[in-house]
Amino acid sequence: MQEELEMEPSGLSMQTEFLTAQHEDELIDMLSNRLDWPALPGRRSLHYGYTFSYKTFGIDDDVPFRPFPDWLTGLLPRGRRERRDPDQVCVQHYPPGAGIPPHADTHGAYGDELYALSLGAPVVMQFRDGRSGARADVDLPARSMLRLGGSARLHWTHGIRARKTDTLPDGTVRPRGHRWSITYRWLREGAACACGDEKLCDTARRRRGVEREYRWEKEEAAQARDGS
């Protein structure tokens, strides 16, 4: 059962021991040895359902829907507000030291909640309020299912710092190990968010006439300038 975390940002809840240690071991063995991961250094990703686009941070319309494999169907979040299977699932492997930049999942593309299952080594995730700059850390233990809703989903960014250790509140320095995560997303009906957060919401910025400039567009423009 999901239990609310009594902290800021609001909207965070967690179900610890979402699966058994034996099930986790079997999953990690399968993820490590029987999936065709891209040959990339650092964090690696696989996508099921619709494919996440690292260009637009929405859905890659050029890639066909990929049905969920049997091993994944038993890992869908329970007790969620959404009463249907997720539209997009991202499986990621983090070797020790790998991280992910602070971000808020695209408001217009994805709905008001998302879930993330952690496997393997624990890690500390950082949250930051996009308006006040307030910060908070959440320790993600192995086999935990984290839910982001409310302010945690819409008004705070989340990320994992690229480092070899995490320092816990009691001062303990914990080495990082191999970690796998499974993130579950639902598409937003109408592809328009009503939160009005002009710092983090693509819909709010677009309504003000501010179009998002993607990193790949900046890189292509720089290459064009250099080649001219």
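Visitor: What span should helix α1 have at 1.5 Å a residue, and how far apart are its end C-alpha atoms?
Guide: Helix α1 covers residues 21-33, and its 13 residues should span 18 Å at 1.5 Å a residue; the end C-alpha atoms are 18 Å apart, which agrees. The expected span is 1.5 Å times one less than the number of residues. Helices (H or I, at least four residues) and strands (E, at least two) are DSSP runs, numbered from the N terminus.

Visitor: What should I know about the model and the numbering?
Guide: This is a predicted model, in which local features need pLDDT of at least 70 and side-chain atom pairs count only at pLDDT 80 or more, while totals for chains, interfaces and linings use all residues. Residues are numbered from 1 along each chain as its sequence is written, and side-chain values use heavy atoms, with hydrogens and water left out.

Visitor: Back to the helix. Which residues of α1 are buried?
Guide: E24, L27, I28, M30 and L31 are the buried residues of α1. Buried means under 20% relative accessible area, exposed means over 50%, and partly exposed is in between (1.4 Å probe, protein chains only).

Visitor: Where do they sit, seen down the axis?
Guide: The buried residues of α1 fall within an arc of 165°, so they line one face of the helix. The arc is that of the directions from the helix axis to the C-beta atoms. An α-helix has 3.6 residues a turn, so residues three or four places apart point the same way.

Visitor: Which exposed residues are on the face turned away?
Guide: Q22 and N33 are the exposed residues there.

Visitor: And what covers the buried residues of α1?
Guide: The cover includes α2 (70-73), β4 (88-94), β6 (114-120) and β13 (179-185). Contact here means heavy atoms within 4.5 Å.

Visitor: How many residues are in the largest nonpolar core?
Guide: That core has 24 residues, and those with the most contacts inside it are L75, L117, L119, I182 and Y184. A nonpolar core is a set of buried Ala, Val, Leu, Ile, Met, Phe, Trp, Tyr and Cys residues joined through side-chain atoms within 4.5 Å. The elements that give two or more residues to this core are α1, β3 (44-49), β4, β6 and β13. The largest share, 4 residues, comes from α1.

Visitor: What does Y184 touch?
Guide: Not counting residues up to four places away in sequence, Y184 touches L75, L76, P77, P86, Q88, V89, L114, Y115, A116, L117 and M145.

Visitor: Which residues are in the other core?
Guide: Another core, of 17 residues, lies apart from the largest one; A98, L114, F127 and I160 are among its residues.

Visitor: What about T183, buried or exposed?
Guide: T183, in strand β13, is buried, with a relative accessible area of 10%. Leaving out residues up to four places away in sequence, T183 touches Q88, V89, C90, L114, Y115 and A116.

Visitor: New topic, sheets. What is the strand order in the open sheet of 4 strands?
Guide: The order is β5-β10-β7-β8, with antiparallel pairing. Two strands pair if DSSP finds at least two bridges between them. β5 (100-103) and β8 (135-140) stand at the edges with a single partner strand each, so one side of each is left without a neighbour in the sheet.

Visitor: How many bridges does β10 make with β7?
Guide: Strand β7 (residues 123-129) and strand β10 (residues 156-160) pair over 4 bridges, in the antiparallel sense. D129 has W156 of β10 as its bridge partner, and Q126 has G159.

Visitor: And how many between β5 and β10?
Guide: β5 and β10 pair over 2 bridges, again antiparallel. H103 stands opposite H158 in β10.

Visitor: Why call β10 largely enclosed?
Guide: 5 of the 5 residues of β10 are buried, so the strand is largely enclosed by the rest of the structure. W156, H158 and I160 are on one side, T157 and G159 on the other, and both faces are covered.

Visitor: What is the phi of E17?
Guide: E17 has a positive phi of about 50° although it is not a glycine. E17 sits in the loop between β2 and α1 and is partly exposed, with a relative accessible area of 46%.
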